[in-house]
Amino acid sequence: MTSSSSTTVVRPRRRPARWVGYLPYLIPGVVAFVLVIGYPLVTNVYISFYSWRGGDTPLRWVGLGNYQALLHDTAFWTSFRNSVAMIVAMVIVPTAIGLVLAAVLFDYIGRKFGGRAAAVLRASYYLPQILPVAVAGVLWNWILNAETGALNVILKGFGVTDPPNWLGSTSLALPSVMLVLIWVQIGYPVVIFMSALQRVDPELYEAAELDGAGWARRFRAITIPQIRPETFVVVLTCTVAALKVFAPIYVLTRGGPESSTLVPSYYSYLNFFDKSKVGYGAAVATVLTLVIVVVAGIILGLQSRAERRERENR
């Protein structure tokens, strides 16, 4: 008599992929991105292919008509030329001045007068960043007002009978706005660069000082190379902010006089709300988004190339 026995093969349970454990943390961010950025962006691009006056008015398909009209729109090109001035005022000048100020506060003020004095000065430079835009606008309108502004009152006290109209002149409005933006923006790079200098080995400065290197030479040979990553971060974030700047223009000049301070974001706003050309305003916003993405990609590419070159030189 033969008996047959059956064997049961127990297979090990397959473990879930590692990325599954991250889903509870990723889902809220993905949902927020879709609702806050993704859906509005897709909707904006969709509307840019239509002629629409907003509200219950019907959408009329125009295809690339809005974008073709932009090519011949003088105000559109003027707004992007003014964006170059915004980059100068919010990126180039504040980054250069902020780098010098941070180095002075860290390498000179901090050593000679103590860290508390440097911290107080750093906070004072950053104060314009935390002021509401409306408050800063009221402050600078009070300073630059043609009739009762503090600056013109001082000039009249020195004998200037016809002081300039700082925000009402086509030749002075843009430089005046740039001055305000420099004042607002300068504290941001100071704070970032001072934080970056905290990680620099102090022995580098001590060795350079023992070798007879002055402050300027230490600044060129140690400070600038050591905080290059933070410099790229400041340039990237400030460039994006300069390209999409809106609130200071709205508060100070409303794009005037004669479009001398017009920028793309405010031009898009004008078409959306004042002119009821929603499709055209959406086209302006779409082009501005593409420009920001391209510029950001270029800056990130330059940063990657610089980091690669630095690794190869080690």
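Predicted model: local features only at pLDDT ≥ 70, side-chain atom pairs only at ≥ 80, totals over all residues.
Rings of Phe, Tyr and Trp (its six-membered ring) count as a pair if their centres lie within 6.5 Å; planes under 30 degrees apart are stacked, over 60 edge-to-face, and the rest tilted. Residues are numbered from 1 along each chain as its sequence is written, and side-chain values use heavy atoms, with hydrogens and water left out.

**Exercise 1. Find how many aromatic pairs the structure holds, then work out how Y250 and Y269 are arranged.**

Step 1. The count for the structure is 15 aromatic pairs.

Step 2. Take the rings of Y250 and Y269: their centres are 5.8 Å apart and their planes stand at 85°, an edge-to-face pair.

Step 3. Now place the two residues. Y250 belongs to helix α12 (residues 247-252) and Y269 to helix α13 (residues 264-274), so the pair links distant parts of the chain, 19 residues apart; helices here are DSSP runs (H or I, at least four residues), numbered from the N terminus.

Step 4. Check the accessibility, where buried means under 20% relative accessible area, exposed over 50%, and partly exposed in between (1.4 Å probe, protein chains only). Y250 comes out at 28%, so it's partly exposed. Y269, at 24%, is partly exposed too.

Step 5. F272 is partly exposed at 25%, whereas F273 is exposed at 56%.

**Exercise 2. Which charged end sits over the ring of Y250, and what lies over the face of Y280?**

Step 1. The rule is that NZ of Lys or CZ of Arg must be within 6 Å of the ring centre and within 35 degrees of the ring normal.

Step 2. For Y250, the answer is R254, whose charged end is 4.0 Å from the ring centre.

Step 3. For Y280, it's K277, at 4.6 Å from the ring centre.

**Exercise 3. Is A282 buried or exposed, and which residues does A282 contact beyond its neighbours within four places in sequence?**

Step 1. Locate A282: you'll find this residue in helix α14 (residues 278-313).

Step 2. Its relative accessible area is 0%, so A282 is buried.

Step 3. Setting aside neighbours within four places in sequence, A282 touches N44, I47, S48 and F272, with contact meaning heavy atoms within 4.5 Å.

Step 4. Look along the chain as well: Y50 is 232 residues away from A282, but their C-alpha atoms are separated by 9.3 Å.

**Exercise 4. Describe the second largest pocket and the largest cavity.**

Step 1. On a 1 Å grid over the protein atoms alone, a cavity is a set of points where a 1.4 Å probe fits but cannot get out, and a pocket is an open set with protein on both sides within 12 Å along at least five of seven lines; lining residues have an atom within 4 Å of a point. Grid points are joined across faces, edges and corners, and a volume is the space filled by probe spheres set on the points.

Step 2. The second largest pocket has a volume of about 250 Å³. Its lining includes F33, N44, A285 and T289, and α1 gives the largest share, seven residues.

Step 3. The largest cavity has a volume of about 30 Å³. R228, P229, F232, A306, E307 and E310 line this cavity, with α11 (228-243) and α14 each supplying at least two residues.

Step 4. Sort the cavity lining by class: three nonpolar, no polar and three charged residues. Ala, Val, Leu, Ile, Met, Phe, Trp, Tyr, Cys and Pro count as nonpolar, Asp, Glu, Lys and Arg as charged, and the others, Gly among them, as polar.
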